[in-house]
Amino acid sequence: MLLVTGATGQLGGAVVSFLLKKIPVSEIAVLARDAAKASKLKEQGVDVRVGDYHNSESLEKAFQGVDTLLLISSSDFSDRLGQHKRAVDAAKKAGVKHIIYTGVTMKNYQKSAIAEFMGQHFATEDYIKESGITYTFFRNGLYADVLPMFLGQDPATTGVFIPAGEGKVAYVVREDIAEALANVLTTAGHENKTYPITGSTLYSYADVASILSDIYGKTVPYISPDQPTFFAALKAAGVPDMYIGVTYGFADATKHHHFEEVDPTLEKLLGRKPLSLDVYLKSVYGK
Ligand code: NAP
């Protein structure tokens, strides 16, 4: 039995869709904190178990009879490491044999502006290792899917306005990560492995602006403002402070080259090239 957490979310939901094409539905369970959100999965025959990373008892119950657990990192930032630790403890108590965890890949993350936030992923990995349970770590690069959040709805008018300098990222599409996870969940040979999951090409924001220029048929400028200018502009646009801080943190980590890594593992796991950023951005902005 496989159990996928975060299955009411985008990555977990996509993993379950791929799994349904590969293995009998009777082998698939999911964790949902709100059963109603997983009603479509239930209709398809998936075993929906209710649990919350904040509640150990609910997790222990949900993980009964599970052999392999896909632990998707939490999107709830209050005591995120504690949430993950509770999930690992519950897995151990329930006799789970293998945990696949989705973290992050970053170079020298400790020196980045988002060290504390990203450190939670590496601390979770350490905790899983200490539990003695067989592991597979998916260290995911930045999702291409979050780029539109940074670019805004109409970059043709606003330009690409982000303080990321000349830093580059090998963006990876969420759907490709999900397919690779489903492949790993249904094949052997991934025990105690750590997989950096990145796209196959590095892109600067100048490159992103150039792709957008091709899509729109006009020049889309790239502006890398200083911190006060960036904060003032986003505040004036009504963006909440927390979101401004998070966006700045990721942009600064990009500027200082913490995401500059290209690794062939995703291509190997997929048996094909990952989707390129050009194609992805065309699907979002080319309509
Ligand atoms: P998502 O769509 O926000 O899904 C997050 C999932 O976590 C949802 O199913 C959510 O349940 C569940 N969850 C949140 N708090 C929980 C709790 N206390 N107990 C149990 N489940 C809980 O995120 P995603 O796009 O699928 O991404 C998966 C994870 O990757 C995120 O959670 C985040 O840690 C990380 N991430 C990475 C990147 C990147 O660029 N690499 C970008 C964004 C996020 P509900 O449906 O009930 O809310």
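**Reading the ligand shell and the pockets**

Guide: Let us begin with the residues around the ligand. In this predicted model, the shell around the ligand comprises 10 polar, 6 nonpolar and 6 charged residues.

Visitor: Which residues come nearest to the ligand?

Guide: There are 22 residues around the ligand, and those that come nearest are T8, L11, K37, S73 and Y143. As for secondary structure, helix 1 (10–20) and helix 4 (80–94) each contribute at least two residues to this shell.

Visitor: Which polar side-chain atom lies 3.1 Å from an oxygen atom of the ligand?

Guide: A polar contact is read from a pair of N or O atoms within 3.5 Å. Here, that side-chain atom belongs to R80, at 3.1 Å from the ligand oxygen. Backbone atoms take part as well: a polar backbone atom of Y53 is 2.8 Å from a nitrogen atom of the ligand, and a polar backbone atom of G141 is 3.1 Å from a ligand nitrogen.

Visitor: How much of the ligand does the protein bury?

Guide: The ligand taken alone exposes 900 Å², and 84% of that is buried by the protein.

Visitor: How does one find the empty space in a model?

Guide: A probe the size of a water molecule is rolled over the atoms, and this shows where empty space is left. In this structure, the largest pocket is the space taken by the ligand, and its volume is about 1200 Å³.

Visitor: What lines the largest pocket?

Guide: Its lining consists of 42 residues, with S73, S74, S75, F77 and Y143 nearest the centre. By class, 18 of the lining residues are nonpolar, 17 polar and 7 charged. Several elements each supply at least two residues of this lining, including strand 2 (28–32), strand 5 (98–104) and helix 5 (115–131). Helix 11 gives the most, namely 4 residues.

Visitor: What is the volume of the second largest pocket, and which residues lie nearest its centre?

Guide: The second largest pocket has a volume of about 240 Å³. It is lined by 15 residues, and F150, L151, F161, F230 and L234 lie nearest its centre. Helix 6, helix 10 (227–236) and helix 11 each provide at least two residues of that lining.

Visitor: How many residues of each class line the second largest pocket?

Guide: The lining of the second largest pocket has 11 nonpolar and 4 polar residues, with no charged residues. For the largest pocket, by contrast, the lining includes 7 charged residues.

Methods. Residues are numbered from 1 along each chain as its sequence is written. This is a predicted model: local features need pLDDT of at least 70, side-chain atom pairs count only at pLDDT 80 or more; totals for chains, interfaces and linings use all residues. Side-chain values use heavy atoms; hydrogens and water are left out. A residue is near a molecule or strand if one of its heavy atoms lies within 4 Å of it. A polar contact is a pair of N or O atoms within 3.5 Å; within protein, one must be able to donate a hydrogen and the other to accept it, and residues adjacent in sequence count only if both atoms are side-chain atoms. Accessible areas come from the Shrake-Rupley method with a 1.4 Å probe; for residues, only the protein chains shown count as cover. On a 1 Å grid over the protein atoms alone, a cavity is a set of points where a 1.4 Å probe fits but cannot get out, and a pocket is an open set with protein on both sides within 12 Å along at least five of seven lines; lining residues have an atom within 4 Å of a point. A molecule sits in a cavity or pocket if more than half of its atoms lie within 2 Å of its grid points. Ala, Val, Leu, Ile, Met, Phe, Trp, Tyr, Cys and Pro count as nonpolar, Asp, Glu, Lys and Arg as charged, and the others, Gly among them, as polar. Grid points are joined across faces, edges and corners, and a volume is the space filled by probe spheres set on the points.
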